[in-house]
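Please look over the model below before reading on. My notes follow as numbered points.

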Amino acid sequence: MARMLHQYDSTAMHLRLGRRHVRLCGRIPGAEQFASAIQPKLDSLFAKEQERKAETEKRENAYDDVVLHDTQLDDAVRTVFERVRQYDREHKTQTLELLFPGKVYSDIINKPLSEEPHAVNKIVVKLEGMDAGPEFREFADMLKQKTEISIDSWNRYQQTVIRCNELTAAEELLKLEVRQQYEYNWLDARKAFGVRVANSIFPKVNRKTLINDNSDNDADDEQQSTTEQ
């Protein structure tokens, strides 16, 4: 019996075996009907795969922006910490303890990517409410700007994640349609031509092809956790 497609097979495997099956159908007189039955489903799957790959690229780019803006926010927090500590030393005040309880900033910059901007925003609120010199207004403005950029980049990243999940689900449904038609073609060809001829319009697949095609999935380059630093 010809090797059927399976749920665990990659999209690349579905498209490759489908393409070869269509070509072989054209080599056997009377088998063109099977190619016509599966080709539209292959075309839809290919189009959805391309759409999903394009969105995956957007997701990766958006994640890179999240990490970049998080790093810039970290640096801004460090700068404010150092300058407030200097201010306290020069003016004999205790402002640092108010803004950074325990006089540390590591607990802020080590928060998950989605949480750090909100933690920094608490410092902004304190700075804006203080009756201090203009340098504190400058600190507040700088942190607020970096915080807003970080939140915006995180929200855009989340939108791409949601869209990627939607496209992946749609792609799985189209893969199912291809698998079903592939099997229907086998059953109908066997009835029409017999097992020997039916086998001849389905490609033979060796182990190397199975491994290569089924490993042709998009790698997730987002090594850094989106919930942990």
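1. How many aromatic pairs does the rule give? The count comes to nine. Rings of Phe, Tyr and Trp (its six-membered ring) pair if their centres lie within 6.5 Å; planes under 30 degrees apart are stacked, over 60 edge-to-face, and the rest tilted. One of the pairs, Tyr 63 with Tyr 157, is tilted, at 5.4 Å centre to centre and 55 degrees between the planes. Tyr 63 sits in helix α2 and Tyr 157 in helix α6, so this pair ties together parts 94 residues apart in sequence.

2. A word on the basis. This is a predicted model: local features need pLDDT of at least 70, side-chain atom pairs count only at pLDDT 80 or more, and totals for chains, interfaces and linings use all residues. Numbering runs from 1 along each chain as its sequence is written, and side-chain values use heavy atoms, without hydrogens or water.

3. Now the helix packing. Helices are DSSP runs (H or I, at least four residues), numbered from the N terminus. Helix α2 (residues 32-91) packs with helix α6 (residues 134-193) at about 160 degrees, their axes 6 Å apart. Axes are lines fitted to C-alpha atoms over the stretch in contact, and angles run from 0 to 180 degrees between N-to-C directions. α2 and α6 are therefore roughly antiparallel (angles over 145 degrees count as such).

4. What residue classes make up this contact of α2 with α6? It has 30 nonpolar, 12 polar and 20 charged residues. Ala, Val, Leu, Ile, Met, Phe, Trp, Tyr, Cys and Pro count as nonpolar, Asp, Glu, Lys and Arg as charged, and the others, Gly among them, as polar.

Notes
Helices (H or I, at least four residues) and strands (E, at least two) are DSSP runs, numbered from the N terminus. Angles under 35 degrees count as roughly parallel, over 145 as roughly antiparallel, 65 to 115 as roughly perpendicular and the rest as oblique.
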